[in-house]
Amino acid sequence: MSRHSRLSLGIQTPAPAILVTRADWSRKHMNSSTLKLFTDAHILRQVGRPLLTEFFGRFTHLLPYKHFLPSPRRDNEEYFDCLAAVLERTDELSSGLAQALIEVEAFAALESPVGVGAALGNGSEDAESAWLSEAIRAWLGSHTSEAPPAEAAERACEETASSPQPSPPPASELLRRGKDEERERSSETRSKSELPEPGLPDPDQQAFERLAQLSPAQYDRARRAEARRLKLRIQTLDAEVGRTRSELAIEAQANAVKLPAIEPWPEPVDGSELLDQASSRYTLYLVLPSGAADAFALWGGHSHALGAFHLSPRLNLLSPKGGCGKTTALDVLATLVPRPLRTENISAPVLFRVVDQHQPTLLLDEVDTYLPQAEELRGLLNAGHKRGACAYRCEGDGKAVRAFSAFAPAALAGIGSLPATLRDRSILIPLVEAEEGQIATRFDPMHIEIETVLARKLARWTKDNFPALAACNPPLPPGAFNRLADNWRPLFAVAQVAGGDWPARALAAFTHLSAQKAALPSPPRPGRGIKGEVSMFPLQSDDIALLAAVRLIFTQSRATRMFSEQLVAALLLLPERRWSNPSIRLTATWLARRLSRFGVHPHNLVIDGARAKGYKRASFSQAFAALPAEPA
């Protein structure tokens, strides 16, 4: 018996007296802006990409620059989670789309056998996905053919769940209202005849994209005629073409990023032996604290099986100064992890798209020089700690919001500590400068044959053991709880599945590295000086000399604010430069890196009408207080 037939005959429930009528249920949904089915990632996954893509494709002409919803590409594993997260923010959706979503859910409730369980929201997710799928199909059908009269729709809404129905209820006139109201609101600036048909590309946007691909000379010759044809002012056309040209350039840069693919090893691999070999490569090239090489190996294994884990801990390589092996550590990591991406020369818009489309392993060096000021990047790294999370960017002149899948492994190297939110999401590996003769072999990126084989074996082992890794709930030591447990659980799972002595080695790495993390002071808040110690590591004499020189410059100039370039120029004029090697070129970037050890970071300043990065004397107050008194 079909579901419509069951509706026609009525559904027997244990308590008919409290049966909810379909009219009441539909009215309740129409009066609420809260979505239930569209914000459940599991239900969306059962509905499937093709149907959702067809449905949301009807609204591309209403979405800002077509960049609001996540990409439905099949390689976007987080599509359903991100889509559900975006649709929770109904107040940020276009009114036509929000209205249509509410109406489709109301129609799904109208079509379902509504009883006590459904009224309380306790229905089966499988059943709810089936109701939602049929409601979407009905909506799509109603927007490609004539809808039934409004009177018939009203009668269908007023029937109770037990009322006999001679035939399945047709698609409701309610399902047309969203599109009609949106067109009425748009008619003040654009006639109905100019609007694109639902499901078809916007002809204006097609024209903008075509014009954006012209050379400047070609566009200049065509702009007046195109503006007349499109019935736009030339200034409006110029702005839209400029915006589109910028978007196309960003997309082209993202598509041009090529990530190396790893071909899995052709034969099964022993996990314990493989991790032994991976750990030994790190000790060969680096001087590491106890347990760090094993943590590197386990973290690399987790990156190959990222989809098996709910969280991905950030790997933070930190040191008190340069020359401690952070860049070398990232170089070795790049040979052993999947889809490594060095981010030094990638802009934020391109990086967001690459992470969304390819889920690379991010390798960020010298983060102390730019991360405190890079709010968007910090948001991406924070969100990427959790599977299904999205990062949001405002794009274009209209500041349209676009959601990007953010889940990706990341290793961050820099001097000093990370911002507090990232530090809490990280496994910390402190590095120190190697003494002469301590490093066994210099890493040579031209000879990585052994690392390449190990990467292929890691790809094979994680592929063969993916179900076991996903199901593993490893025992954690008593000291592992809250965020610390979240960060280490993937590494303990890799060790547990690998077997051998690796569970014990993972425990030893956790014990040593967590003890070092607990011994380090909390990171200073950017731009607000420091509390307690002036650095997370013991300060060097050249650090103290630099800080004293900066104090001298502020005191003699009597300035309260100074641009970075001005401060660098003043440092270069001092007769003694005990704070740096004479061969080092002093720059604003070098100064920012050194002063970050004191918790001092540059701000955007406006001095005498000029705007640039610089420093406020007030930011140094606690750091200056730690220095000996100035000579009289």
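Select Leu 341 and Leu 362 to begin: Leu 341 stands opposite Leu 362, a residue of β3. The model is a predicted one, in which local features need pLDDT of at least 70 and side-chain atom pairs count only at pLDDT 80 or more, while totals for chains, interfaces and linings use all residues. Residues are numbered from 1 along each chain as its sequence is written, and side-chain values use heavy atoms, with hydrogens and water left out.

**The parallel sheet**

Strands are DSSP runs of E of at least two residues, helices are DSSP runs of H or I of at least four, and both are numbered from the N terminus. Two strands count as paired if DSSP finds at least two bridges between them. Now display the whole sheet: 5 strands, in the order β2-β3-β6-β1-β7, form an open sheet with parallel pairing. Why is one side of β2 and of β7 left without a neighbour in the sheet? β2 and β7 (426–430) stand at the edges, and each has a single partner strand. From one strand to the next, the twist averages 20°. Angles here run from 0 to 180 degrees between N-to-C directions, and axes are lines fitted to C-alpha atoms, for helices over the stretch in contact.

Next, select Arg 339, in the loop between α16 (326–336) and β2 (340–342). Arg 339 is not a glycine, yet has a positive phi of about 45°. Its relative accessibility is 29%, so Arg 339 counts as partly exposed; buried means under 20% relative accessible area, exposed means over 50%, and partly exposed lies in between, with a 1.4 Å probe and protein chains only.

**Two helix pairs**

Select helix α13 (residues 234–256) together with helix α17 (residues 348–358). Their axes come within 9 Å and cross at roughly 50°. That makes α13 oblique to α17, given that angles under 35 degrees count as roughly parallel, over 145 as roughly antiparallel, 65 to 115 as roughly perpendicular and the rest as oblique. The crossing of α13 past α17 is right-handed; this term applies if the near helix is turned clockwise from the far one by less than a right angle, and left-handed applies if anticlockwise.

Which residues of α13 and α17 meet? From α13 come Ile 250, Glu 251, Gln 253, Ala 254 and Asn 255, and from α17 come Pro 349, Val 350, Arg 353, Val 354 and Gln 357. Contact means heavy atoms within 4.5 Å. The residues of this contact divide into 5 nonpolar, 3 polar and 2 charged. In this scheme Ala, Val, Leu, Ile, Met, Phe, Trp, Tyr, Cys and Pro are nonpolar, Asp, Glu, Lys and Arg are charged, and the others, Gly among them, are polar.

Move to helix α14 (residues 271–285) and helix α20 (residues 449–464), which pack at an angle of about 145° with axes 10 Å apart. Here the crossing is left-handed. On the α14 side, show Gly 271, Leu 274, Gln 277, Ala 278, Arg 281 and Tyr 285; on the α20 side, show Ile 450, Glu 451, Leu 454, Lys 457, Leu 458 and Trp 461. By class, this contact has 7 nonpolar, 2 polar and 3 charged residues.

**A helical residue**

Select Asn 382, which is in helix α18 (residues 375–383). Asn 382 is buried, at a relative accessible area of 17%. Beyond its neighbours within four places in sequence, Asn 382 is in contact with Thr 421, Leu 422 and Arg 425.

**The antiparallel sheet**

Now display β8, β10 and β9: these 3 strands form an open sheet in the order β8-β10-β9, with antiparallel pairing. β8 (561–563) and β9 (603–607) are the edge strands, each pairing on one side only. The twist averages 60° from one strand to the next. β8 and strand β10 (residues 610–616) run antiparallel and are joined by 3 bridges. Select Arg 561 to find its bridge partner in β10, Lys 616. Helix α25 (residues 564–573) packs on the sheet, touching β8 and β10, and its direction makes about 85° with that of β8.

Select Arg 558, in the loop between α24 (541–557) and β8. Its phi is near 60°, a positive value in a residue other than glycine. At 78% relative accessibility, Arg 558 counts as exposed.

Finish at Pro 602, in the loop between α26 (588–595) and β9. Is Pro 602 buried or exposed? At 14% relative accessibility, Pro 602 counts as buried. Not counting residues up to four places away in sequence, Pro 602 touches Gln 373, Ser 564, Ala 592, Lys 613, Gly 614 and Tyr 615.
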